[in-house]
Amino acid sequence: MEISLAWRLFKRELLQGQLVLIVLAITLAVLSVTGLARVSERLQIAINGQASKFIAADRIINSPVKIDESFIAKAEELGLAHVSSMQFNSMVFAEDKFQLVTVRAVGEGYPLKGKIELNSDSGTHSAEGTGLPGSGQLWFETRLGGLLAYPESLELGNRQFTLSEEISRLPDAGFNPFASSPVVLIRLDDVASTGVIQPGSRVTYLAQFSGAEEQLKRFESYAKPKLTSSQRWVDVQSGESPIADAVKRAERFLLLASLLGIALACAAIGIAAQRYCHRHYDVVAMLKTFGASGRQIRTLFGMHLLLVTLFGVTLGLLGGFALDAIITSFLPEEIAAYSPPFIRPILLGLATGFISAFMFSAYPLMRLLSIPPLRVLQRQLEGLQLGMWLHLLLSLSAMALLGYLYSKSLPLTLTVVAGVLLLGVLLSILGFLMIRMGHSIGMKTTNPLQLALAGLRRRAKQNAVQLVGFSSALVLLLTILALRQDLLSEWQNQLPENAPNYFLVNISPDEEAALGDYLKANTVKTTDIYPVVRGRLTEINGERLISAEQEKAGAKGRLGISRELNLTWRDALPPNNEILEGEFNANEDDVSVESGVAERLGIKIGDSLTYVIDNQRLVVNVASLRAVHWETLQPNFFMIFTHASLAPFSHTSMASFHLEDNKQGVILDIIKQFPTVSIIDVGTMIKQLRQIIDQVSLSLTLVLVLVVLASSLVMIAQTEAGMATRQRELAVLRTFGASGWLLRMATGLEFALLGTVAGFLAVIVAEFTLYLLKTQVFELNVYMHWPWWGIAPVCGALTVALLGVWRCRQLLSKSCADLLKAG
Amino acid sequence: MSEVSAITVKNLVKSVATQEGELTILNGINMDVKQGQSIAILGPSGSGKSTLLGLLAALDTPTSGEIILDGVALQSLDEEKKAALRKQKVSFIFQSFMLVDTLNALENVMLPAELAGINRAKEKAEAMLERVGLSHRLTHFPNQLSGGEQQRVAIARAFICEPKVLFADEPTGNLDAVNSEKVANMLFELNRECETTLVLVTHDLVLAKRCERQLLMDTGVITESPGEPSDGSALSSKPAPSHLASVEAL
């Protein structure tokens, strides 16, 4: 009987719209979790996939010595694809010309991720159909062709190679405008026949791996501890990837926003559940009067809530998958084609629906079930009062449980729960104080404002609770809005529309003017010109530095950098640089050092550094340490000197500029007119980066939309709850002849005042929250959002007032008798 | 009318704690109602009528005293047993009808029968609704019915389980004169047919006079109304208050 009655009640209440709020709240929570879990998993794979193209693999071992075969064997055992390659510098000869080149010798299967872009008469195409150079063949970078006047073949060591294809870009070429020697690509098994690798030769050995994430992780936990100090583990999130930072921040943001979205949806469930139970008080009293047993009532309402939850969960799951489908339709085909397993999002969605519905409803349900039958005669009687602490405890536990299931991170979950709790307490205190501050005003029924103020004061306690609801929704909305905006604009700043897509390096001083004139004549504006002096850091505070090779050979001493550095001079701090300590180059013999390299070499402010440049010694003092944003695709320098320090040495220059796609002729002209100038095209890389940023932005926008929905639902649920406390009063005033206009205005004003206070409180708390998040989690610049101080209270007032008036209009359309009865 | 008691009340006291101290609502009530008898309890607001009704119907617990309902001493029962007793023997009609808004007329009437596990609840409910003249309103929801119709649905609901005792709290309180008359006729007709004991709390003297006995409540004390035939089964240990005339005038 109970089950059929529960079904009947559920069906009718659903059709009559009484379950809209609670079903919507459950649906939204489930939809958020399911949709976000699936979309973020898909995007994560997409982002990692894109990012892995930058390293042509998912993971890399980079080593100065031959990589142990045991790594390869383990990778094979785990079913990972792998490719070995070598990289070294060598001279190539073509007739009477010679050139230093960087040789990439790659094994079959290269690249595991991404494509080799080749040039042809008809433009750029990928090497997919072409595979790799054949034995005895060599693929070359465009500028090598220019430098050696396009010979048919060239010599590398003892071996003659035919030039077969022109490379536009290798996927893992990276961004290094200083890579002055052109790259050539040969087969790995051709290296031995060249005879250029001798014991002691400087070679970088690379083992690249790709495969399923789980296997990769297992491989990582196997391989990482076994690496020597000179070997490096590289993945898409290693600092070397230009998008690592963006991806990490986006991941953090997505997780945080999702958790807050879930918390908001849960809050909406909590409020809706209270209303849901309250509406059934009379039914329970009546059923008990007619002799329903405790078990019958428990079964009836347990089943009823189960049906409501099942319905909400089903809608939520469908909505989540629809959301995923919609988002997927915006994604590139290769990403859309990948379908992550359904099981995790479904399980998460189910857990969210049931945990949130039952734990948030537990206390209201307990009260409902304890409603005494005598309520049929004495309407003021309610169920047991165990206190709000129990409700709070159950709700926070539900939130924590869900947060943990979703994020799998206990610290993050506890932080969010503690934050929500703190937010609630803070808002309650502030809200209560602000309402108490209002002057006591009598109950006058002629003026809507006085009626509204009187209402606010009389219901101070309920209003404080409502304020918490309204403000929390606004705080979280503002926080997510601001973070998303800041992240997007930061990425936009890194890669502005006219970001330089070409770099010119090796510009000799006597070519500088002619090149400048040429570019000017072709209306190409260079953005920056940096002088470059090559030099080696040899001593710190008089202590001689040793190389990694020397250290390996047993030499004692302080470890230095085993290569020549590109040094520059600047009068002012370059953009994308930030002084962390000291003052930028105030004296002639000052030098500014990048903080990462300073940390690695143990350099501090005041240290003296000795360089050898053109066989001459230069001693300078460290005056400042700088943070450099490497991800900006701008030329960045470890060491920046004053002009006076470097003036005596010979230098070349480098420049960068943005070239429209339709002006490619300029590049060919530069190659012809200035053959010694190297041109580096980073346009393709920028396009790929933009694609990643676009995908990340999409996910951020998606989360924002869900947070907006969740906030709106909390506001609607809260208004609904607020109207319930006002219903009887409205009925009485209506009965005594108050006009609909007066009541709507008074309700609107009361809610508008509440909304204003909520908006104001929300800005205060949001600024504080943002300060903490930006400084502690996202490393973003902190600033005040002044426009919010005006917009948030106004928007809060308008939204809440409109919701209140809308609900009031609905109530006033009923007869007084109905209102009094329902109230 | 049977000589067997349906309700026996002995020294019934109900007190509640208030901020000003203990307030006695019912002060030593003694009464006896025979099976099939109809009694009206009259009295001014706050006299304790509804409190008495709640106690008699096993909805509330007395401070002291004894109530025997159809041979069962209520004080010996816990809440679950009281609920079971209500399910088997008792039914109700309320001033505010207390219909479930989201169930239609038929489903509202079926409700007590379903709770009691009675077979063919639907057919019985249909018959009851036909009996109260609402066979054309089976699928209507409470908000689609007039006040009089809603109370007729409530009457059908009250009789579906053929209760031994029916408690009615101001059954015509929310109705106009015409509907009051209709509802009252129906109530007494069914009451006679089913030989139900009727305990009716009302302000309406006309309605009260249709009952076989009228009891007057004032400040927690009950007395038999003067001038009405009494079979001596109703007892009052205390003299009638002097201002009973005002109750009569209600």
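A definition before we start: two strands pair if DSSP finds at least two bridges between them. Helices (H or I, at least four residues) and strands (E, at least two) are DSSP runs, numbered from the N terminus. Keep in mind that this is a predicted model, where local features need pLDDT of at least 70, side-chain atom pairs count only at pLDDT 80 or more, and totals for chains, interfaces and linings use all residues. Residues are numbered from 1 along each chain as its sequence is written, with chains lettered from A and ligands numbered from 1 in the order in which they are written.

Start with chain B and pick out its open six-stranded sheet, ordered E6-E7-E8-E3-E9-E10 with mixed pairing. At the edges sit E6 (90-93) and E10 (221-224) of chain B, each pairing on one side only. From one strand to the next, the twist averages 20° (axes are lines fitted to C-alpha atoms, for helices over the stretch in contact, and angles run from 0 to 180 degrees between N-to-C directions).

Zoom in on E6(B) and E7(B) (165-169): they run parallel, joined by four bridges. Select Phe92(B), and you'll find its bridge partner in E7(B), Phe167(B).

Next, show helix H1 of chain B (49-56), which lies across E3, E7, E8 and E9 of chain B and runs at about 150° to E8(B).

Finally, bring up both chains. Their contact (C-beta atoms, placed from the backbone, within 7 Å) takes 25 residues from chain A and 25 residues from chain B. On the chain A side, H8(A) gives the most, with six residues.

Key
Contact = placed C-beta atoms within 7 Å.
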